Amino acid sequence: MGSTKKNIKRVIIGIAGTIVLLIGLVTIPYPGPGWLTVIAGLAILATEFDWAKRILEKTKEKYERWQQWMKRQSLFIKVLFWLMTLIVVTATIWLLNGYGLINDWFNLGYDWVRSPLPIFN
């Protein structure tokens with residue numbers, strides 16, 4: 001009986017950790033807690049899976065190295081990084097029809113802001 005409870009707990013942790021990890025992976029390019037969410041997902045998985053512990057440690061190390069590298073960069077590189085981030089965020093909002101929704105809510109009449117993806121129109 002104890003082994004069944006342990007297996008159920010392991011499956012629940014596996015599912016929860018995977019969901020958090022996937023959300024983190026999707027949100028990495030965006031400002032906010034993308035990497036923090038990845039690390040949280042790995043930390044959840046690491047409570048039950050040794051492979052997740054290894055990946056968690058490597059991920060934290062790489063993230064810290066990235067942060068240190070960014071601190072050493074010139075203003076030009078930092079601005080370029082944030083500009084690319086802005087482009088990714090803007091394009092994502094457009095593709096997911098965020099601007100189209102605002103256009104509809106406020107009856108702005110700017111049809112060109114709608115997503116080109118038929119699923120969102």
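These are my notebook entries on a few residues that I looked up in this structure.

**Ground rules**

I am working with a predicted model, where local features need pLDDT of at least 70, side-chain atom pairs count only at pLDDT 80 or more, and totals for chains, interfaces and linings use all residues. Residues are numbered from 1 along each chain as its sequence is written, and side-chain values use heavy atoms, with hydrogens and water left out.

**Entry: Asn103**

I started in helix H5, residues 98-105, where Asn103 sits. Helices here are DSSP runs (H or I, at least four residues), numbered from the N terminus. Is Asn103 buried or exposed? Asn103 has a relative accessible area of 3%, so it counts as buried (buried is under 20%, exposed over 50%, partly exposed in between, with a 1.4 Å probe and protein chains only).

Next I looked up what its side chain reaches. The side chain of Asn103 comes to 2.9 Å from the backbone nitrogen of Tyr110. That kind of pair is a polar contact (N or O atoms within 3.5 Å; within protein, one must be able to donate a hydrogen and the other to accept it, and residues adjacent in sequence count only if both atoms are side-chain atoms). Not counting residues up to four places away in sequence, Asn103 touches Leu108, Gly109, Tyr110, Asp111, Val113 and Arg114. Contact means heavy atoms within 4.5 Å.

**Entry: around H5**

I then checked two backbone angles. Asn97, in the loop between helix H4 (75-95) and H5, has a phi near 70°, a positive value in a residue other than glycine. Where is Asn107 placed? Asn107 is in the segment after H5. Asn97 is buried at 5% relative accessible area, whereas Asn107 is exposed at 70%.

Trp112 lies in the segment after H5 too, and is exposed, with a relative accessible area of 65%.

**Entry: aromatic pairs**

How many aromatic pairs does a search of the whole structure find? It finds six. Rings of Phe, Tyr and Trp (its six-membered ring) pair if their centres lie within 6.5 Å; planes under 30 degrees apart count as stacked, over 60 as edge-to-face and the rest as tilted. I looked up Trp35 and Tyr63, a tilted pair at 6.3 Å centre to centre with 45° between the planes. Trp35 belongs to helix H2 (residues 34-46) and Tyr63 to helix H3 (residues 50-72), so this pair ties together parts that are 28 residues apart in sequence. Trp35 is partly exposed at 35% relative accessibility, and Tyr63 is partly exposed at 31%. I also noted a cluster in which ring pairs link Trp66, Trp69, Phe81 and Trp82.

**Entry: Thr59**

Back in helix H3, I found Thr59. Thr59 is buried, with a relative accessible area of 14%. The side chain of Thr59 reaches the backbone oxygen of Ile55 at 2.7 Å. Leaving aside neighbours within four places in sequence, Thr59 is in contact with Trp35, Val38, Ile39 and Leu42.

**Entry: Ala91**

My last stop was Ala91 in helix H4. Ala91 is partly exposed, at 31% relative accessible area. What separates the C-alpha atoms of Ala91 and Ser115? The separation is 9.6 Å, and the two residues are 24 residues apart along the chain.
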